[in-house]
Amino acid sequence: MTQNRKAGYCIISALASLQFGLVLLITIVLLSVFGTLIPQSEQLYYYQELYGQAAAAFLYYSGLTHVFSSMLFLIISLLLLINLSFCTCNRFKYLKQRDWNGYGSATLHFGLMVIIVGGLISGFFSHSKYYEVPVQSVMAVTDSGFDLRVDDFQIDYYENGQHQKQPRQYYTKLTILENEKEVGSKEIKVNHPISYKGTKVYQTSYGWLVQGNISVNGQQKNFSVPAGQTVEIAGNYYIKAIPAGETADQGFLYQLHHRERKQPFIGRANLNEQINLPEGSVQFSALKKFTGLQVKSDPGVPVVWSGFMLLTGGLFVKLYGGKK
Amino acid sequence: MFYSWGVELINLAFSGYLISSLLYLVVTWINREPIGRLAYWTAAVSFATHTTALTFRAVAAGRLPFATMHEFILMFAWGVILTYLFVQARFKIPLLGLLVVPMAVLLLGYAAAMNQEIRPLMPALQSYWLQLHVLVAIVAYGAFGVSFGTAVVYLIKNNSGSGLDYLPAKEVLERVMYKSIAIGFPFMTLVLITGAVWAEEVWGRWWSWDPKETWALITWIIYAIYLHARFVRGWQGAKAAWMAVIGFGAVLFTLFGVTILMSGLHSYS
């Protein structure tokens, strides 16, 4: 009984010691260095190509190819959290009145704990998804209980001098819909996302969607593909199309490729012009601008933000609080 | 006009720092007080020129010179010299100038070889958080640059045994090294925090383990270890000085190594 207690005390005092904390920090540094030197989150064959069979297997199964999401990194973070909580408790226990240095230290260490907890929450519970939404259409946001209608997308360019035509800002006008009722309208731009019911919507990208239909062996199908990307549309046909100008009536350049044939069909077609294929036909019906929206929810953010405030406050009180 | 004046003044400042470095080199051979003072004032005048150049560039760009790698290196050198001028005025550490002023020479030389064009801000960079991010980075890296110089002086003193009497006592050097890191550290913390808040606003992820932010965190942890190691027996003295050297190595790697060797989100810096 007493021996057990003694052993327990030893383990706790080891976990709580400054030396152990420093060892954890050094381990994090080393793991992080590996995490930047080894390309992360690739497939096994990528590493086999790069490092050879044996080394690749070692790196892959030890977690060094995905350091920051590895079990080891999680364990180290938890140990650091435990170590910090002992250290923070001790700091608060021995505080004296007007010991600003001490208050600062205790607060900043507590702030670090909050940040680590927030980081774990973010790591496990944040969701993020990317949507490409044509202008004037409605997008259902998964799991968030509301829809978004994209009313407009605009690019603002720099005007004068040699930097003419460099984009200054991208804007999307959005309307939030709940049960098909309009709740509100807002404009988002890069660096200015909107936040609604814990979900944030970011302006991330833009592009054009080429729309049309294909009929193969009597079957008709509509398609909507990003300009310049090769996408399978129907009946073993792949398409890559780009608009010839800025509007649909200037026509489209296309490349149609059948999975089993070598020679692709390449050409230029006007709006609604029929392109004949051996099994049917294709035509382009519209060119739509789309906006690329990143939609995410992250319950860790408010936690991390409060940790940041505690950490900053603590550090500056410690630095400028006078009394040593 | 302001743009080309700015470039000319930067070249002048570069020459001034070079002359100051050479004077500091002379001081190591003939240790004469007036030459040391001349070296210091040459650095100070070059710093004033450097400041004016940055002001002109800001006027020409219509914004603070915080947006390109070229501009950041100019600001980095500026921060290092600013901290140096303060520390030297207060503590008078011979040799520190010889270690720190050439840093500015190298940085400005490197900056001159880069694309110096003033570019308008791309949408991702239009954020007050970015400006704050760079501002605190200049303070932090300036202080770390000086702590590095002091650490090297400490190690030289430490290895010379009883020689090099004109260098300050090891305790003084240790104190300067500690002070500059203790001042730089909260600002380094703010570099990470402002970066995270900005990343959340622009990419929707406050932390993504991108190589540059990972190396900034590595830098922060190394200095955190330094600040704690003082309380652990056997980690003070030369070991602590080496940590200050390694910490600044991490600063330089974050700025140059990562940019040159690794790809990531910080493509514009």
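Three salt bridges are counted between chain B and chain A in this predicted model. One pairing to look for on screen joins the side chains of A:Lys200 and B:Glu201, which meet in a salt bridge at 3.8 Å, N to O. Polar contacts between chain B and chain A come to 13 residue pairs, with both partners at pLDDT 80 or more. On the side of chain B that touches chain A, the elements giving two or more residues are α6 (170-202) and α7 (211-229) of chain B. Of these, α6(B) gives the most, with 14 residues. By residue type, this side of chain B divides into 32 nonpolar, six polar and four charged residues.

The extent of the contact between the chains can be described in residues and in area. Chain B contributes 42 residues and chain A contributes 45 residues. Together, chain B and chain A bury about 3,600 Å², and 74% of this lies on carbon and sulfur atoms. Three residues, B:Pro123, B:Trp206 and B:Trp209, supply 18% of the area that chain B buries against chain A, more than any other three residues.

Turning to chain A itself, the domain assignment gives domain 1 (1-94), domain 2 (98-126 + 300-324) and domain 3 (133-297). The C-alpha centres of domain 1 and domain 2 of chain A lie 21 Å apart, and the contact takes eleven residues from each of these two domains. Domain 1 and domain 2 of chain A bury about 960 Å² between them, 87% of it on carbon and sulfur atoms. The side of domain 1 that touches domain 2 divides into seven nonpolar residues, three polar and one charged.

A:Asn83 counts as buried because its relative accessibility is 8%, under the 20% cut-off. The side chain of A:Asn83 reaches the backbone oxygen of A:Leu15 at 2.7 Å. Leaving aside residues up to four places away in sequence, A:Asn83 touches A:Leu15, A:Ala16, A:Ser17, A:Phe20, A:Gly21 and A:Leu24.

Technical notes
Residues are numbered from 1 along each chain as its sequence is written. Chains are lettered from A and ligands numbered from 1 in the order in which they are written. This is a predicted model: local features need pLDDT of at least 70, side-chain atom pairs count only at pLDDT 80 or more; totals for chains, interfaces and linings use all residues. Side-chain values use heavy atoms; hydrogens and water are left out. Contact means heavy atoms within 4.5 Å. Buried area is the accessible area (1.4 Å probe) that two parts lose on being put together, summed over both. A salt bridge is a side-chain nitrogen of Lys or Arg within 4 Å of a carboxyl oxygen of Asp or Glu. A polar contact is a pair of N or O atoms within 3.5 Å; within protein, one must be able to donate a hydrogen and the other to accept it, and residues adjacent in sequence count only if both atoms are side-chain atoms. Helices (H or I, at least four residues) and strands (E, at least two) are DSSP runs, numbered from the N terminus. Ala, Val, Leu, Ile, Met, Phe, Trp, Tyr, Cys and Pro count as nonpolar, Asp, Glu, Lys and Arg as charged, and the others, Gly among them, as polar. Buried means under 20% relative accessible area, exposed over 50%, partly exposed in between (1.4 Å probe, protein chains only). Domain bounds come from an automatic or database domain assignment.
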